[in-house]
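Colleague: I am new to reading protein models. Could you walk me through one, feature by feature?

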Amino acid sequence: MNEFNKTNFEELMREAVIQHNLGDYEAALALSNEAYEMAPDNSSEKGRAARDNSARYDRLGKTEEAEQWADEAFNIHDGLVKSMDDPNREAYRERSVSAMYVAVNGLRKAIHAKQAGQTVDDLSFLDSMRLTWSDLQKARAKANGLNRKIDQYAINASRRASMAETLFGDRKIGLIIGAKAVALAFASESPMLDTSNPNLTTKQRLQAKKKALLGGVAALGISVIASPKKMNKKRQKLALKIADRAL
């Protein structure tokens, strides 16, 4: 068995992100899958690579494969957390985002079902999204300084958590998280956070803030549109349409 080279692994993961951001999802998938094969079984690194594979399959429109890889990522990271007497910050963070990937797959299915006029019976994605939020709170409690208040993963998850709660869970919680998504957007990929991507240019950091802000505004808007006092079929259709695009 070859010894795991973490430096090579991280280089593959970084290059995969570059290709993903350029829109070449096939190339990005090949790189993250190579990283997956390199990583030790049941390691956090293998879970991360599985999660990135899920993201690439999602972009390629292969939803079943995306779900399978997200499930594998979560199972790995969930197993690591449960194996620890006192899970560390990284373990909570990685499980949080893997749970979010599982939740987003379920949320998208639920949105499409509602758009088709079907009843949504499986709300297990809400539990996954709530685990994301809970894990992020636990992770921040183990951080220092500004990082105790803000985590890049929380910025990435907030709009999705808000939409899930608004449309299928507790709308008041969805509204609160939506407002938080807007407030957190201005800190997205800030170099002051130890959870931001250190390889981004200034332009890319500004783009990340813009994306986070637009997502937060969309989530907040959905909470307003979905007000139970004013809700009708037309407003529900609009809320679902915005959510589908903002995921």
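Predicted model: local features only at pLDDT ≥ 70, side-chain atom pairs only at ≥ 80, totals over all residues.

Colleague: Thanks! Which residues of the largest nonpolar core touch the most other members?

Modeller: The general idea comes in two parts. A nonpolar core is a set of buried Ala, Val, Leu, Ile, Met, Phe, Trp, Tyr and Cys residues joined through side-chain atoms within 4.5 Å. Buried means under 20% relative accessible area, exposed means over 50%, and partly exposed is in between, using a 1.4 Å probe and protein chains only. Here the largest core has 30 residues, and those touching the most other members are Leu 107, Ile 111, Phe 125, Met 129, Met 163, Leu 167 and Phe 168.

Colleague: Which elements give two or more residues to this core?

Modeller: They are helices H5 (89–115), H6 (124–141), H7 (152–168), H9 (202–225) and H10 (233–246). The largest share, 8 residues, comes from H7. As for the labels, helices (H or I, at least four residues) and strands (E, at least two) are DSSP runs, numbered from the N terminus. Apart from this core lies another one of 15 residues, including Leu 29, Leu 31, Ala 49 and Trp 69.

Colleague: What does Met 163 touch?

Modeller: Contact means heavy atoms within 4.5 Å. Not counting residues up to four places away in sequence, Met 163 touches Ala 219, Ile 222, Ala 243, Ala 246 and Leu 247.

Colleague: Now helix pairs. At what angle do the axes of H7 and H8 cross?

Modeller: Axes are lines fitted to C-alpha atoms, for helices over the stretch in contact, and angles run from 0 to 180 degrees between N-to-C directions. The axes of H7 and H8 (residues 171–185) come within 8 Å and cross at roughly 155°. That makes H7 roughly antiparallel to H8. The cut-offs are under 35 degrees for roughly parallel, over 145 for roughly antiparallel, 65 to 115 for roughly perpendicular, and oblique for the rest.

Colleague: And is the passage of H7 and H8 left-handed or right-handed?

Modeller: A crossing is left-handed if the near helix is turned anticlockwise from the far one by less than a right angle, and right-handed if clockwise. H7 passes H8 in a left-handed crossing. The residues of their contact divide into 8 nonpolar, 5 polar and 3 charged. For these classes, Ala, Val, Leu, Ile, Met, Phe, Trp, Tyr, Cys and Pro count as nonpolar, Asp, Glu, Lys and Arg as charged, and the others, Gly among them, as polar.

Colleague: How do the axes of H7 and H9 cross?

Modeller: They come within 9 Å and cross at roughly 15°. That makes H7 roughly parallel to H9. Their crossing is left-handed. H7 brings residues including Ile 155, Met 163 and Leu 167 to the contact, and H9 brings residues including Ala 212, Ala 219 and Ile 222. By class, the contact of H7 with H9 has 6 nonpolar, 5 polar and 2 charged residues.

Colleague: Let us turn to single residues. Is Ala 49 buried or exposed?

Modeller: At 0% relative accessibility, Ala 49 counts as buried. Ala 49 sits in helix H3 (residues 44–59). Leaving out residues up to four places away in sequence, Ala 49 touches Phe 9, Met 13, Ser 32, Ala 35 and Tyr 36.

Colleague: Where does Ala 110 lie, and what does it touch?

Modeller: Ala 110 is found in helix H5, and is buried, with a relative accessible area of 4%. Not counting residues up to four places away in sequence, Ala 110 touches Val 120, Phe 125 and Phe 168.

Colleague: Finally, what is the phi of Asn 42?

Modeller: Phi of Asn 42 is near 60°, a positive value in a residue other than glycine. Asn 42 lies in the loop between helix H2 (25–38) and H3, and is exposed, with a relative accessible area of 55%. Glu 189 has a phi near 55°, a positive value in a residue other than glycine. Glu 189 lies in the loop between H8 and H9, and is buried, with a relative accessible area of 13%.

How values were computed. Residues numbered from 1 in each chain as written. Heavy atoms only, no water.
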